[in-house]
Amino acid sequence: MVSDNILDGFPFLDVHSHLNGSIPQNALQELIRLKLKEPGNEDLATFSLPTSPEQLANFNIDDFFPLFSRFVYRLTSTASSITFATKAVLLSFAHSGCCYLELRTTPRAVPSTNMSLSDYVKAVRLGFDEFFQTEEAEKMKAFLILSCDRRHDLSTVEKVVDLAIGNKGLVVGIDVCGDPNVVPDVREWVPAFKRAKKNGLGVTVHLGELEGQLSTQAMDLLLEPDRLGHATFLTPETQEYVIKHRIPIEICLTSNLICKTVANLEDHHLNWALESDVPVFICTDDTLVFLSPPKTEYELALSLVVRRAPAGLGGESVEDSASERRTDESD
């Protein structure tokens with residue numbers, strides 16, 4: 001990896017970060033403390049997320065989604081907890097040197113707490129408002145993307161789009177996300193997404209997270225995405241479409257490596273994007289789970305770029321020279 005201090009003070013941006021997956025540890029512990037006061041949540045006292053690279057060594061994408069249904073979503077099941085989490089996430093990104101953030105979340109109705117989809121979005125909005133009143137807000141512009149989960153029926157998708165349009169300004173787009181093993185017929189969603197675009201909202205779609213999604217990519221592209229999330233596995237036809245329309249890809253290096261959808265950094269599809277002149281954003285995805293703030297993601301991306309650099313006329317690569325310099329400085 002490149003030198004730890006080469007990116008000190010660099011203004012990071014992140015357009016692919018999930019609210020519930022980016023709650024900082026101190027805020028998470030406070031949410032657990034509050035939840036333990038309610039009967040029936042005693043198991044939360046012993047439930048924990050990975051907190052070190054060693055604990056993530058055997059982690060894969062099939063382990064990822066149950067963490068939220070079994071744990072995190074239980075902590076953010078009330079309006080007050082969602083507002084608290086939203087503000088904490090925004091402050092965390094501002095503290096990490098992020099200057100521009102598009103935070104995304106899937107509106108959830110929670111019947112047990114009488115919270116509707118609209119109540120959820122109001123609670124998130126309040127968290128943004130509270131963040132905007134802090135000094136840290138001067139360091140970072142922050143916006144919201146509302147996500148449609150692949151498990152949503154058409155009625156729920158329509159409601160999410162309505163909420164996105166109704167909160168336009170703070171909300172800048174809509175997203176398709178969720179367990180990639182779930183494959184909805186998104187052709188039914190096309191009119192709703194067209195309506196969102198007609199109202200000035202962008203569209204981003206999680207695409208090609210698993211190799212098994214190849215057969216549905218043509219259908220997903222009917223949503224006319226302005227950006228693609230991950231785009232790890234693409235058919236030749238999708239690659240051609242992305243290159244032709246120069247559709248930016250939201251690259252999440254650590255997420256892909258830990259979820260084992262990419263074997264190693266050298267094989268990461270960021271290489272293909274750079275070779276094909278496809279625009280990219282370097283993003284975190286879920287800092288709570290993957291323990292990787294924006295600076296780490298940028299360092300990984302930069303190290304990959306350095307490895308791709310050609311050798312100088314003297315026959316030595318940039319990476320070799322940088323490695324020798326680090327060795328000399330440590331002696």
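An open sheet of eight strands, paired in parallel, runs through this predicted model in the order 1-2-3-4-5-6-7-8. Strands here are DSSP runs of E with at least two residues, helices are runs of H or I with at least four, and both are numbered from the N terminus; two strands count as paired if DSSP finds at least two bridges between them. Strand 1 (12-18) and strand 8 (280-282) each have a single partner strand, so they form the edges, and one side of each is left without a neighbour in the sheet. From one strand to the next, the twist averages 25 degrees. Residues are numbered from 1 along each chain as its sequence is written, and side-chain values rest on heavy atoms, with hydrogens and water left out. Because the model is predicted, local features need pLDDT of at least 70 and side-chain atom pairs count only at pLDDT 80 or more, while totals for chains, interfaces and linings use all residues.

The chain passes from strand 4 through helix 6 to strand 5 in a right-handed β-α-β crossover (with the strands pointing away from the viewer, the path from the first strand over the helix to the second runs clockwise). Strand 5 is mostly covered, as five of its six residues are buried; buried means under 20% relative accessible area, exposed over 50%, and partly exposed in between, with a 1.4 Å probe and protein chains only.

Helix 5 (residues 154-166) touches strand 3 (141-149) and strand 4 (171-177), and its direction makes about 165 degrees with that of strand 3. Helix 6 (residues 190-198) lies across strand 3, strand 4 and strand 5, at about 160 degrees to strand 4. Contact means heavy atoms within 4.5 Å, and axes are lines fitted to C-alpha atoms, for helices over the stretch in contact, with angles from 0 to 180 degrees between N-to-C directions. The axes of helix 5 and helix 6 come within 9 Å and cross at roughly 5 degrees, and the two helices are therefore roughly parallel to each other. Angles under 35 degrees count as roughly parallel, over 145 as roughly antiparallel, 65 to 115 as roughly perpendicular and the rest as oblique. On the helix 5 side, Val-157, Glu-158, Val-161, Asp-162 and Ile-165 meet Ala-192, Phe-193, Arg-195 and Ala-196 of helix 6.

Helix 1 (residues 25-35) and helix 2 (residues 61-75) pack at an angle of about 85 degrees, their axes 9 Å apart, which makes helix 1 roughly perpendicular to helix 2. Leu-28, Leu-31, Ile-32 and Lys-35 of helix 1 make this contact with Phe-71, Arg-74 and Leu-75 of helix 2. The loop between these helices holds Glu-42, which counts as exposed at 56% relative accessibility.

The largest nonpolar core has 70 residues, and Ile-23, Phe-59, Phe-71, Met-140 and Phe-193 have the most contacts inside it. Such a core is a set of buried Ala, Val, Leu, Ile, Met, Phe, Trp, Tyr and Cys residues joined through side-chain atoms within 4.5 Å. Helix 3 (residues 79-95) provides the largest share of this core, eight residues. Beyond residues up to four places away in sequence, Ile-23 touches Leu-28, Leu-31, Val-72, Thr-76, Ala-85, Val-89 and Leu-288. Another core, of 22 residues, lies apart from the largest one and includes Val-242, Leu-270, Trp-272 and Ala-301.

Several loop residues complete the picture. Glu-209, in the loop between strand 5 and helix 7 (217-220), is buried, with a relative accessible area of 8%. Its contacts, leaving aside neighbours within four places in sequence, are Arg-150, Gly-178, Pro-180, His-230, Thr-232, Phe-233 and Thr-261. Most residues other than glycine have a negative phi. Arg-246, however, has a positive phi near 50 degrees; Arg-246 sits in the loop between helix 8 (236-245) and strand 7 (249-251) and is partly exposed at 43%. Asp-277 also has a positive phi, near 60 degrees, and its loop runs between helix 10 (270-275) and strand 8.
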